[in-house]
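Here are my notes on the model, as numbered points. Please read them with the structure open beside you.

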Amino acid sequence: MLSRFDVIIVGLGAMGSAAAYHLAKRGKKILALDRFAPPHALGSSHGQTRIIREAYFEHPLYVPLIQRAYELWAELEQASGKRLFRQTGGLMIGRPDSAVVSGAKRSAEEHRLHHELLPAAEVRRRFPAFQPTDEMIAVWEPRAGILFPEACIEGHLGLARKHGAELHMVEPALRWEPDGNGIRVFTAKGEYPAERLVLTAGSWIQSLLSELSLPFNVERQIQFWFEPKNAAIFHADRCPIYIWEHEPGRYFYGFPNLGEGVKVAGHHEGEIVNPDSINREVAPKEVAAMRALVRKFLPGADGPLRTAVVCMYTNTPDHHFFIAPHPAHPQVLIASPCSGHGFKFSSVIGEVLADLLAGGRCGFDLGLFRHRWFGRS
Ligand SMILES: Cc1cc2nc3c(=O)[nH]c(=O)nc-3n(C[C@H](O)[C@H](O)[C@H](O)COP(=O)(O)OP(=O)(O)OC[C@H]3O[C@@H](n4cnc5c(N)ncnc54)[C@H](O)[C@@H]3O)c2cc1C
């Protein structure tokens, strides 16, 4: 007789590791599978740093979620004994009517968040790493900072295991099928029955949902680390995280130098790829395109390239998240395509998934994230 789990989780990156932790902590009997051994560098959650910010330019509905995420990261830091977060403050930089500036301002005002509007000259004075042009302004938010993604995933997985979750690394789920009101997951090692299934397979999620023809795409993204020519101005005490809309709808973002060089990356504009055949080499012309932005806006970071690493976004058409039950099998929850801005929320998404599995409700408005492509509200 096969042992029956309460919940099987497929994919143990950012979202799945958090779900495993929250479910195991509530006493659920969990089996969690990953095709690799997270934290690894083949999905969407590697590269040493992720931005966390509160004045969310993408939509004010994200603000209550991020506020809970901050609390949960602090709790995880305590419980795991790992350093997960460094506060640096954050700048959203662009023209006054840019999406990044007007959206951050809207969220900050609607939610009465601590923030300041800084003209370009003031940005240059306070933060000499940044050289915005005179027509640009910035929204400054003091709470923003850096999460250390590999440590976050290790923290969630370590505590999930401690609370009794069974974690099977390097055991990909090949397929799943409904089994009465429950489900059954098949791997090369066997088959596992459970009451519920959580699919958090990141860039591979569509291969487990091929019957739905979901309109997600996987986008190749590159993270670059440049040696600063002027190290002092990129120290984390003087250089906050930032997102820069340098032309309408075109973004890059980055971090201070934490010892590995100044990390910068473009946001979107990458090639649409298949996660199993993605090109992980970075071409000289890709370095040159990033360097041109660095030279213009962060000239003190225009030293030699230290390294460049490829990563993947899993995008929805409107770049909001997708967190919803399977339309035909409500015992299956889908939660992964986070369109390149999900890491900071993974702590709260783990809790939301546990709440949804417990009673079908959670305390947040998930209206942006549901059923849009199933023809339902
Ligand atoms: C370059 C880059 C920069 C980013 N910057 C930020 C940022 O600054 N701030 C922010 O908030 N977000 C950021 N993001 C987005 C964020 O990192 C992602 O939204 C988040 O990491 C996605 O988590 P995930 O759990 O969906 O995917 P992953 O962490 O990739 O996890 C998916 C897991 O599923 C496993 N898997 C796949 N198929 C199977 C299978 N069949 N069976 C078993 N396991 C399977 C994979 O091995 C993987 O471990 C960035 C993303 C990238 C790529």
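1. A salt bridge here is a side-chain nitrogen of Lys or Arg within 4 Å of a carboxyl oxygen of Asp or Glu. This is a predicted model, in which local features need pLDDT of at least 70 and side-chain atom pairs count only at pLDDT 80 or more, while totals for chains, interfaces and linings use all residues. Residues are numbered from 1 along each chain as its sequence is written, and side-chain values use heavy atoms, with hydrogens and water left out.

2. The structure holds 26 salt bridges. One of them joins the side chains of R53 and E58, with N and O 2.8 Å apart. Are R53 and E58 buried or exposed? R53 and E58 are both buried. The word buried stands for under 20% relative accessible area, exposed for over 50%, and partly exposed for what lies in between (1.4 Å probe, protein chains only).

3. A second salt bridge links the side chains of E122 and R126, at 2.9 Å from N to O. These two residues are four apart in helix α4 (residues 120–126), so about one helical turn separates them. Helices (H or I, at least four residues) and strands (E, at least two) are DSSP runs, numbered from the N terminus. R126 is partly exposed, with a relative accessible area of 29%.

4. R220 and E286 also form a salt bridge, their closest N and O atoms being 2.7 Å apart. This pair links distant parts of the chain, since R220 lies in strand β13 (residues 217–226) and E286 in helix α6 (residues 284–297), 66 residues apart. R220 is buried, at a relative accessible area of 5%, whereas E286 is partly exposed, at 22%. Elsewhere, R68, E71, E75 and E351 belong to one network of salt bridges that share partners.

5. Strand β5 (residues 90–94) is mostly covered, with five of its five residues buried. G90, M92 and G94 point one way from β5, and L91 and I93 point the other way. Which strands pair with β5? Two strands pair if DSSP finds at least two bridges between them. β5 pairs with strand β7 (residues 137–141) in the antiparallel sense over five bridges, and I93 stands opposite A138 there. β5 also pairs with strand β14 (residues 241–247), in the parallel sense and over four bridges. In β14, Y242 is the bridge partner of L91.

6. The largest nonpolar core has 73 residues, and I9, W73 and F345 have the most contacts inside it. Helix α2 (residues 62–80) gives the most to this core, with nine residues. A nonpolar core is a set of buried Ala, Val, Leu, Ile, Met, Phe, Trp, Tyr and Cys residues joined through side-chain atoms within 4.5 Å. Leaving out residues up to four places away in sequence, I9 touches several residues, including L23, I30, L33 and V198.

7. The axes of α2 and helix α5 (residues 149–162) come within 10 Å and cross at roughly 65°. Axes are lines fitted to C-alpha atoms, for helices over the stretch in contact, and angles run from 0 to 180 degrees between N-to-C directions. Which residues make the contact between α2 and α5? W73, L76, A79 and S80 of α2 meet C152, G155, H156 and L159 of α5; contact means heavy atoms within 4.5 Å.

8. An open sheet of three strands has the order β3-β8-β4, with antiparallel pairing. β3 (50–52) and β4 (85–87) stand at the edges with a single partner strand each, so one side of each has no neighbour in the sheet. On average, neighbouring strands of this sheet are turned by 30° against each other, direction ignored. Three bridges join β3 to strand β8 (residues 145–147), where I146 stands opposite I51. α2 packs on the sheet and touches β3, β4 and β8, its direction making about 120° with that of β3.

9. H40 is in the loop between β2 (30–33) and β3. H40 is partly exposed, with a relative accessible area of 22%. Not counting residues up to four places away in sequence, H40 touches D34 and H46. H40 and Y70 are 30 residues apart in sequence and 24 Å apart in space, C-alpha to C-alpha.
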